[in-house]
Amino acid sequence: MKHVDIYTDGACRGNPGPGGWGVLLRNNNKEKELCGGSLDTTNNQMELLAAIKALESLKEMCEVNLYTDSKYVKQGITEWIIKWKTNGFKNSKNKPVLNAELWMRLDKIASQHKVNWQWVKGHAGHIDNERADELANKGLDLKLKQS
């Protein structure tokens, strides 16, 4: 099975506001960069979309180390989603889970791979996380130029 390291990040100027997502994929010595953005979004939505877009870009089942600086993404996909699925995507207060459509999309695509979710501290000099952050801001800037 192919092994891929993925570094993801989301960015938002204002929350909500314009945002971007960035992805760095690495397989052996090959790298691929992805980025995109939205004019009206939240930081959490961009963090989720980065992970989704990264996994959706894989053309075959892979063993993945996915690094995110978002505890929201890591805890959501490894812990919280188990109860959400049981409760019809309602939270502990019986209210609809925020970003449920994105969580469902992430859960579906993650189930097609063997994903090892890793949290890294953001803005702490981790070179690959910093690259993902730069890509997220690039995606945001490109989206603003298009509007």
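This note goes through the sheet, the helices, the charged pairs, the rings and the backbone details of one structure.

1. The model is predicted, and for that reason local features are taken only at pLDDT of at least 70 and side-chain atom pairs only at pLDDT 80 or more, while totals for chains, interfaces and linings use all residues. Residues are numbered from 1 along each chain as its sequence is written, and side-chain values use heavy atoms, with hydrogens and water left out.

2. Helices (H or I, at least four residues) and strands (E, at least two) are DSSP runs numbered from the N terminus, and two strands pair if DSSP finds at least two bridges between them. Here 5 strands form an open sheet in the order 3-2-1-4-5, with mixed pairing. Because strand 3 and strand 5 (114-119) stand at the edges, each with a single partner strand, one side of each is left without a neighbour in the sheet. From one strand to the next the twist averages 20°, where axes are lines fitted to C-alpha atoms (for helices over the stretch in contact) and angles run from 0 to 180 degrees between N-to-C directions. As background, strands of a sheet pair through backbone hydrogen bonds, either parallel or antiparallel.

3. Two of the pairings can be followed residue by residue. Strand 1 (residues 2-12) and strand 2 run antiparallel and are joined by 8 bridges, and the bridge partner of T8 in strand 2 is V23. Strand 2 (residues 17-27) also pairs in the antiparallel sense with strand 3 (residues 30-41), over 10 bridges, and in that pairing G20 stands opposite G37 of strand 3. The hairpin of strand 2 and strand 3 has 2 residues between the strands, and N28 in this hairpin takes a positive phi near 55°.

4. Helix 2 and the end of strand 4 deserve a look together. Helix 2 (residues 71-86) lies across strand 4 (62-68) and strand 5, and runs at about 140° to strand 5. T68 lies in strand 4 and counts as buried because its relative accessibility is 0%; buried means under 20% relative accessible area, exposed over 50%, and partly exposed in between (1.4 Å probe, protein chains only). Leaving aside residues up to four places away in sequence, T68 touches T8, E47, V73, K74, Q118, W119 and V120, a contact being heavy atoms within 4.5 Å. The side chain of T68 also reaches the backbone nitrogen of S70 at 3.0 Å.

5. A search of the whole structure finds 7 salt bridges, each defined as a side-chain nitrogen of Lys or Arg within 4 Å of a carboxyl oxygen of Asp or Glu. In one of them, E31 and R131 have their closest N and O atoms 2.9 Å apart, and this pair links distant parts of the chain, with E31 in strand 3 and R131 in helix 4 (residues 127-146), 100 residues apart. E31 counts as partly exposed at 42% relative accessibility, and R131 is partly exposed at 22%. Both belong to a network of salt bridges that links R26, E31, E33, D128 and R131.

6. Salt bridges also join helices. The side chains of E56 and R105 meet in a salt bridge at 3.0 Å, N to O, with E56 in helix 1 (residues 43-56) and R105 in helix 3 (residues 100-110), 49 residues apart. D107 and K85 meet in another, at 2.9 Å; because D107 lies in helix 3 and K85 in helix 2, the pair ties together parts that are 22 residues apart in sequence.

7. The structure holds 6 aromatic pairs, where rings of Phe, Tyr and Trp (its six-membered ring) pair if their centres lie within 6.5 Å, and planes under 30 degrees apart count as stacked, over 60 as edge-to-face and the rest as tilted. Y7 and Y67 are stacked, because their ring centres are 4.7 Å apart and their planes are at 10°. Y7 and Y67 are both buried. Ring pairs also link Y72, W80, W84, F89 and W103 into a cluster.

8. Some backbone details lie in loops. A cis peptide bond, with omega about 15°, joins N15 and P16, and P16 is in the loop between strand 1 and strand 2. N94 is not a glycine, yet has a positive phi of about 65°; N94 lies in the loop between helix 2 and helix 3 and counts as exposed at 56% relative accessibility.

Terms used:
Polar contact = N/O pair within 3.5 Å; in protein donor to acceptor, adjacent residues only side chain to side chain.
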